[in-house]
Amino acid sequence: EFSAVEDGILTGTRAEKKEIYVTMIGTYDGTGPAASPVGEQSSELHFIVDAPADGEYEICLTYATGEEEGVGSWLQLAVGDVIFYDDFVPVTEGTESFVVSEPMKVRLKRGENVIRVMNHRRQENTLGSYATLVKEINEQAPEKDMMLSLCEWGKTQPANWGYKVGDSWRILNDITFQVGADGDPGVGCWTSDYTPGVAVQYNKAVIMDEFAGLQKGWNDPDMLMIGMNGLTEAMNRTHMAMWCMMNSPLMLGLDLRRVEKGDWLYQIIANEELIALNQDALGVQAKRIYCSLAENAPDLTYVRDNDRVDILAKPLADGSVALSFINVSEEKKCGCYSVNVKQILNAIGGKMVNADAFAAAASFAVKDLWSGSCSVNADGTFSVTELEACDNITIRVTPHVQ
């Protein structure tokens, strides 16, 4: 007889031991912004069992079910990689109304075995449903190419499996809007947690760059809210820059009848230089290489405090690098925010087309992708000294090859 609390081994980041039982076994619900998208977002309960001989054994589990996050009533029981039980268990009266299961047969080998108690069925069901859909569509029209945008709101960590069946995957709940308010996201659409605002979607997507790519697919932090009430002009510019730097799908939620050619909205959504970053043939999502609130590992640290400045670097197919200095805060930021050639190469050099030429360049052509102004940088340090609230400066840096 084994105790889940005393003898059980918890894996991942999800499960927890209570006084007499273990709960939250399975895949973390990623619909909301509470948890980091980086790292193992699931847990299992393991037992190490020393079997006296090869053969079939019976296992009974003491359990309780419930209809709440982290409980459920689906059970998976495996020995190593072989699953022996994968089904619902009889429902109990409540989450602490424990009963003993019917015996479940497993095969053990002589010596040490790892018995896994888990529930990843939600993730497997979602993947299986999409796989069935893709199979049927391809059978109906095998001569056609298809781009499939997945949307299960990040619930089952689709960045880990979406590439198997689709081309992009939503990473969070719907971006902020008010149902019945004529598409007006209203107050808080920059920082709102639920539904997630622009900065909230960005905070999660910005550290998911390693999940994306030409051979994988694209992180989708939902549609662009550019032009909707509740966002300032600076917020709209930064919204566009963020999504373009992150290779996110560019889907407008804006009524285009409100746009006049040449007006400020048009200047944002039709900015060819920004769109070129999003559509760059190299297909590498920008990496956050500086964060004023995460000195170490800015590309992996999940930062939800918006009172900060980020710097993103994106390698491009022609050997240049796009840099975006982003003030996530709703207050103006003054100070020197900078990155140099060495920092850029350390962070993304392995993904650049010609890192050696970038490293050896005596100077760089710098183009501001919002203003169109051009300059020459001779010291290899790229910096800004002030950023308005929720604003950005996005530049393209091209090495002058000798």
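Glu386 is partly exposed, with a relative accessible area of 40%, where buried means under 20%, exposed over 50% and partly exposed in between (1.4 Å probe, protein chains only). The model is predicted, so local features need pLDDT of at least 70 and side-chain atom pairs count only at pLDDT 80 or more, while totals for chains, interfaces and linings use all residues. Residues are numbered from 1 along each chain as its sequence is written, and side-chain values use heavy atoms, with hydrogens and water left out.

Glu386 forms a salt bridge with Lys332, a term for a side-chain nitrogen of Lys or Arg within 4 Å of a carboxyl oxygen of Asp or Glu. By this rule the count comes to 21 salt bridges, including these:

| Pair | Closest N to O |
|---|---|
| Lys332 and Glu386 | 3.6 Å |

Arg396 lies in strand S24 and Asp318 in the loop between S18 and S19, so this pair ties together parts that are 78 residues apart in sequence; strands (E, at least two residues) are DSSP runs, numbered from the N terminus. Arg396 is buried, at 17%, whereas Asp318 is exposed, at 51%.

Strand S19 (residues 321-327) has 7 of its 7 residues buried. Strands pair if DSSP finds at least two bridges between them, and S19 is joined antiparallel to S18 by 7 bridges and to S24, also antiparallel, by 6. Within these pairings, Ile326 stands opposite Asp310 and opposite Asn392 in S24.

Notes: Helix = DSSP H or I, 4+ residues; strand = E, 2+ residues; numbered from the N terminus.
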